[in-house]
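Dear colleague,

Here is the structure I said I would pass on. My notes follow below it.

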Amino acid sequence: MRTRPLKVALLGCGVVGSEVARIMTTQAADLAARIGAPVELAGIAVRRPDRVRQGVPAELITTDATALVKRGDIDVVIEVVGGIEPARTLITTAFEHGAGVVSANKALLAADGATLHAKAAEHGVDLYYEAAVAGAIPLIRPLRESLAGDKVNRVLGIVNGTTNFILDRMDATGAGYSEALDEATALGYAEADPTADVEGFDAAAKAAILAGIAFHTRVTIDDVHREGLTEVTAADIASARRMGCTVKLLAICERSADGNSVTARVHPAMIPLSHPLASVREAYNAVFVEAEAAGRLMFYGPGAGGAPTASAVLGDLVAACRNRLAGTRGVGDSAYTQLPVSPMGEVVTRYHISLDVADKPGVLAQVATIFAEHEVSIDTVRQQGRESEEGGDEAASGKGAGRRAGASLVVVTHRAPDAALSATVEALRKLDTVRGVASIMRVEGE
C-alpha cells in the first residue's frame, strides 16, 4: 500500500456532508485497504463555520471554498453544496487544478452536465455522481457500465421519496393531499418548502440525468415534461383502486419505437397493482429498466437521507481514488447519439378521464363522438348517477335549494398520442352536457 495519502476536499457539511466526513474518519482503515492508499480529509468548506457539527474536526473547517480547491495538492473534491452556483465554478476550478470530482448535485448535472463532462475530459480527471439520483441505490454505474453493451429502451421509476410517501399515505388512509403532506413534513420527509419535490422539479432533474446516460444523448431538465402531484385527490386514488391500480409520481424516459428520438417526462400516473413499482411504499425509491438483451431489471432502496446518500458518495470516492493511483480515469460522457428529445405531445400513453356530466339521454353518445373525431379509442366507460345542489334566487333567499340530476362519467382510453388525448379533453370541456372535467391522469406500466 502506498503510504502517501490521497487528499480529499469536502464542499458542504450538511446532512450528507457531515455523514461523509464521519465515515471517512471512522472507517479510514477500511477505505485505505479498499483503495490501496490512505485517504486524508484535507479541508471542509462551509458557509456557516460557527455551526456545531458532531464528529467533524474543527481544524478542517474553512469558509474559503475557492482557496481549498485551488490548493494544488487535492486529489478528489467532493461537492455536496447543491444548486447551480457556486457549485459549477468550484467544480470547474477543481478540474483546472487537476482534481477529480464526486458530486451529488442533480440540479447542476441536469442543467449543465455536458459542460462539466467536457471540462473533466479536457483536464483528464474524473466526474462521478452516483449520489445525484436515487441516493444509495446503485443505478448510474450499472447504466453507464454494466449495461454499456446493451440497448436500453425504457427507464421507469419512482425517484422522489417525499412524493412517494405522500401518495402512499393517501392510498393507505384515504387522506387528501394536504393531510398527507402535513404528515410527511412532521416526520421529516418533506422540507419546509416542499415545492421542488411536490411540483416534480427534483424528479425531473433525475429524469434528465437518467435519460442522458441510458440513451447516450444530451438531455437537460428543460427537455423534461414536468407535472407535480398537488392536484391529485383522494377521489383519484379511489378511482385507481377500482381499476386495480395505484398512483405514483413517475419519471419515465423512453426511446421511440423507431429509435430515432427519446422522451423524458415526470407526472403522476396510475399503474397496475401487478407492476413491481406499485409495491414501493413510504419514502423508498425504485427504478425499472428495460433493455433489449438484459430484459427487465429493478433497482430498489432508500433514495435520500444522510447515510444512504453518503454511501453512494463514498463509493464514487473509492473509484476516483483508485483511478488516481492507477493514473487513469473512469467512464466519461457517452453522449454520442445526439438523438432529439421529442415533445410530450408525441408520447403514446393512456388517459383516465373523470367527467361531471348531465344525467340525460344522449350524453354518452356525444362524449363517444368527441373521442372518435380525435381518433382516440375508448377502452372502458363507467357511469354513476348522482344529484348536485342547484343554487339560484330561491336558494339564496333561504327558501330551499333545488336539485339537478348529474352523473360522474369515467373514461379510460386505449393508447394514443398525448396531443390527441389532450385535444380530446379540450373538446369535451366545450360540450354543453359536460359540466366539468374533474380529473385527468395517465395510465402507465402495462
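Which side chain meets that of Arg 169 in a salt bridge? The partner is Glu 183, at 3.2 Å from N to O. Arg 169 sits in helix α7 (residues 161-173) and Glu 183 in helix α8 (residues 177-186), so the pair ties together parts that are 14 residues apart in sequence. Arg 169 is partly exposed, at 22% relative accessibility, and Glu 183 is partly exposed at 30%.

Please keep in mind that this is a predicted model. The protein has 446 residues, of which 51% count as buried, and it contains 15 helices and 17 strands. It is divided into domain 1 (6-135 + 307-326), domain 2 (144-303) and domain 3 (344-443). Between the C-alpha centres of domain 1 and domain 3 there are 53 Å. The C-alpha trace spans about 85 × 55 × 35 Å along its principal axes.

The structure holds 26 salt bridges. Two others are described here.

- Glu 254 and Arg 265 form a salt bridge through their side chains (2.9 Å, N to O). Glu 254 belongs to strand β9 (residues 245-255) and Arg 265 to strand β10 (residues 262-272), so this pair ties together parts that are 11 residues apart in sequence. Both residues are buried. They are also linked in a network of salt bridges with Arg 154, Glu 290 and Glu 444.
- Arg 141 and Glu 145 pair at 3.8 Å, N to O. Both lie in helix α6 (residues 140-146), 4 residues apart, about one turn of the helix. Arg 141 is partly exposed, with a relative accessible area of 27%, as is Glu 145 with 37%.

Regards

How values were computed
Residues are numbered from 1 along each chain as its sequence is written. This is a predicted model: local features need pLDDT of at least 70, side-chain atom pairs count only at pLDDT 80 or more; totals for chains, interfaces and linings use all residues. Side-chain values use heavy atoms; hydrogens and water are left out. Helices (H or I, at least four residues) and strands (E, at least two) are DSSP runs, numbered from the N terminus. Buried means under 20% relative accessible area, exposed over 50%, partly exposed in between (1.4 Å probe, protein chains only). Domain bounds come from an automatic or database domain assignment. A salt bridge is a side-chain nitrogen of Lys or Arg within 4 Å of a carboxyl oxygen of Asp or Glu.
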